[in-house]
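Please read them with the coordinates open.

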Amino acid sequence: MLLPIKWLKNYVNINKKPIEIANKLSSTGSHVESINNFAEDIEKVVVGKIVEITKHPDADKLVVCKIDVGNETLQIVTGAPNVFEGAVVPVALDGSTLANDVHIKKGELRGVESNGMLCSLEELGYAQSVIPKEARDGIYIFSSDTKIGADVKDILDLNDEVLDIEITPNRPDCLSIIGMSRETAATFDLPLIEPKIEFKNETENITDFIGETVVETKKCSRFYTKVLTDVKIEDSPQWIKNYLMLAGVRPVNNIVDLTNFVMLEYGQPLHAYDLDKLDGNIIVRDAKDGEIIKTLDEEERSLTAEDIVITDRSRVLGVAGVMGGFDSEVTKDTKRVLLEGASFEKRSIRLTSKRLGLRTEASARFEKGVDITLPKIAVNRVAALAEEIGAANIVGGNYDTLKEEPKEKEIKLRLEKANSLIGHEFTIEEIENILNRLMIETKTVEGGLVAKVPPYRGDLEIEADLFEEVARLYGFENIEPKPLFGGLTKGDRPRFRNLEIKVKEILKAYGYSEFMSYSFISPSVFDKLNLEEGSDLLDFIKILNPLGEEYSVMRTTLISNMLEILYKNYSRSNEVCSGFEFGNTFIKQEGSLPKEVLKLCIGSYNHGDFYDLKDMIVNILWSLSIEDLKFIRTEVPYLHPGRACDLYAGEIYLGSFGEVNPIVLKNFGIKNRCLVGELNFDKIVELASDNRVYKPLPKFPAMKRDFAFVIDRDIDAGQLEEVARENGSELLEDFKVFDVYTGEGIDDDKKSIAFSLTFRAEDRTLTDQEVEKVSEKVVEEIEKQFDGKLRSGK
């Protein structure tokens, strides 16, 4: 943002060198990128009046001008097309210097003496972008009442520097002259001189000219309007044009210039409509898809329903917050003007500006957020200035769509916390003084104060924001460095991560590789898993802006990812594949973020059978001191019927594993048998123990008995083990199945299962009678509970 020092001095009575102002503002957070002086090279350029123009005797495109420069009349030859007798112009005298170190000396042009040169604004150092259209192709014409002989630098306010300031996105209030004046006043502890907005006379009422404004969109929180009549469209006074050009804005005419002047002054974008071109009252609404508007730059633009438009009863008048429409602009024939100041949703303005490729001074401010109290202040300021410079009369009344004033925000500041965080011992009075300098009202309370945040300071939300204000105004350079204090925290992995690493090492020892896959998957994979309608796994979370259908939902299981990896290896003719993945699954929760559950998924083909996978899982859990494991036959849609089981630790469900269902294998394009398992690692971490209890090697020998029973096919070995342990007393040390047989000699609905029982006492050698007694009890219960038939026992 460009901040002319002369304009700044209208609001802050500061008598400091520009470099001092720049350095101090930078130290308090308003970074000054450069200090510019447009008139640094300009010397001996004065205001002159053309008193006579004659044709050049030897050149058709040149004229000879007699120019009164106050203390003498000079003859100057020029080719400027816009000169006329009586014109007041900038004159570079003999020996003068212009912008870019251009030197002017008297000489002859085609045989006629010329004692200087008439100047354009560009030659005086102005950029083309800020020069009025009528002055771009010729010399600059001053108003007729400009003092003849005066130094041009005084007339154009070029004696003071202009600061180029970087405004951070969180401080839209500083995108204005008054905003930076507040910062300057606070920085140097000076009073702020705010403009007085007064109407000398108001005639008639706004209701006689236009109906009430209608707002039909939630993206407009305020729309304030006022009417001017008897408008005289002409050039603005020189001081207004000077300020605009120094601040980087091109003058147009007095009414448009006033809206731009106040926008720069207060940071509130404004717009002026030719009231006689409007058809009925103003309507603010969302645009319609495909709606077309011709904007002020004479470009036709297509709108969408995401844009906000300002319309009357028959056409679109402007793209809200970005640019007005061509059909309602103020022209030289305008007699009545409707002034508008509004507050729009910043996100909507940013998206519209970006989509249209149209970034304006208005959009730059709206997209960062504009104080909702400003529209009324800014519009009234324009009306008062228009009356002051004689450009229009003010109509009484206004239309304001604001239903209620915004609530004032209060933040409590704790003195002890402020001093601790900033590292300096402030008194409550010192902090109050600093905040008051920033126009923040304060009230002392026990232990600190309560600050009332001005509406234009949307960046102040929490206590720490006030700490920052205090520190930057006091000066970070004034805070004495102190040694660090506090306790040191030893960095370490969380417990679950250490257990995860331990399990990984075991899996790698078994020949498994670690896999990694995306948390985003395609919903089509759930169809491949053969899931039943209503399955919990189908209650997945959809991504709002996915990269594509393949990554459009969040996974509820790792099984599909594992099978995709196995297929990728199978399709590339890898004979053996075995791997594991630790990853989160995402469970939908109403009204909050999804619940993340850490799972361990294991998968393989040509790497052992079901029992190998089971033994490996048992060893993993044993290494984590998790015992009392139960394996219960189950039916899982993606697992083979009869070759799948659920895993429990006591009564806690840990997961399922088994051979993959042939239908699922076909869906994934795999022709090999595959084994997969998915365990809830969060539950495993809860059950894992970091303490292991070691026992000495047994002193006394064990005795083993083998049994084979014929039982129903749907009875699991685990059920037999439960009965054996319940009836084997403390002497039963181990139960182990070593054979399961179906076939010749066994009925189709039966199976033969052989297991061994190991007995041992810690304090003696067991006798055959003791073992036989316990064994008989186990056999009896199996026969009783499962109708088992003992085939053999020894």
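1. At the start of helix α16, a side-chain oxygen of Asp609 comes to within 3.1 Å of the backbone nitrogen of Tyr611. This is a polar contact (a pair of N or O atoms within 3.5 Å; within protein, one must be able to donate a hydrogen and the other to accept it, and residues adjacent in sequence count only if both atoms are side-chain atoms). The model is predicted, so local features need pLDDT of at least 70 and side-chain atom pairs count only at pLDDT 80 or more, while totals for chains, interfaces and linings use all residues. Residues are numbered from 1 along each chain as its sequence is written, and side-chain values use heavy atoms, with hydrogens and water left out.

2. Helix α16 covers residues 610–623, and its 14 residues should span 20 Å at 1.5 Å a residue; the end C-alpha atoms are 20 Å apart, which agrees. The expected span is 1.5 Å times one less than the number of residues. Helices (H or I, at least four residues) and strands (E, at least two) are DSSP runs, numbered from the N terminus. After α16 comes Ser625, with a positive phi near 65°.

3. Which residues of α16 are buried? They are Phe610, Leu613, Met616, Ile617, Ile620, Leu621 and Ser623. Their arc around the axis is only 160°, which places them on the same side of α16; the arc is that of the directions from the helix axis to the C-beta atoms. Tyr611 and Trp622, on the other side of α16, are exposed. Buried means under 20% relative accessible area, exposed over 50%, and partly exposed in between (1.4 Å probe, protein chains only).

4. Helix α10 (residues 415–422) has Ala418, Asn419 and Ile422 as its buried residues. They cover an arc of only 95° around the axis, and therefore lie on the same side of α10. Glu416 and Leu421 are exposed on the other side of α10.

5. Glu463 belongs to helix α12 (residues 463–474). With a relative accessible area of 14%, Glu463 is buried. Its side chain makes a polar contact of 2.6 Å with the side chain of Arg414.

6. The aromatic pairs number 21. Rings of Phe, Tyr and Trp (its six-membered ring) pair if their centres lie within 6.5 Å; planes under 30 degrees apart count as stacked, over 60 as edge-to-face and the rest as tilted. Trp239 and Phe261 form an edge-to-face pair, 5.7 Å centre to centre with 90° between the planes. This pair links distant parts of the chain, 22 residues apart: Trp239 is in helix α5 (residues 238–246) and Phe261 in helix α6 (residues 254–266). Trp239 is partly exposed at 33% relative accessibility, whereas Phe261 is buried at 2%. Ring pairs also join Trp7, Trp239, Tyr243 and Phe261 into a cluster.

7. How far apart are the C-alpha centres of domain 2 and domain 4? They lie 56 Å apart. The domain assignment gives domain 2 as 43–156 and domain 4 as 409–474; such bounds come from an automatic or database domain assignment.
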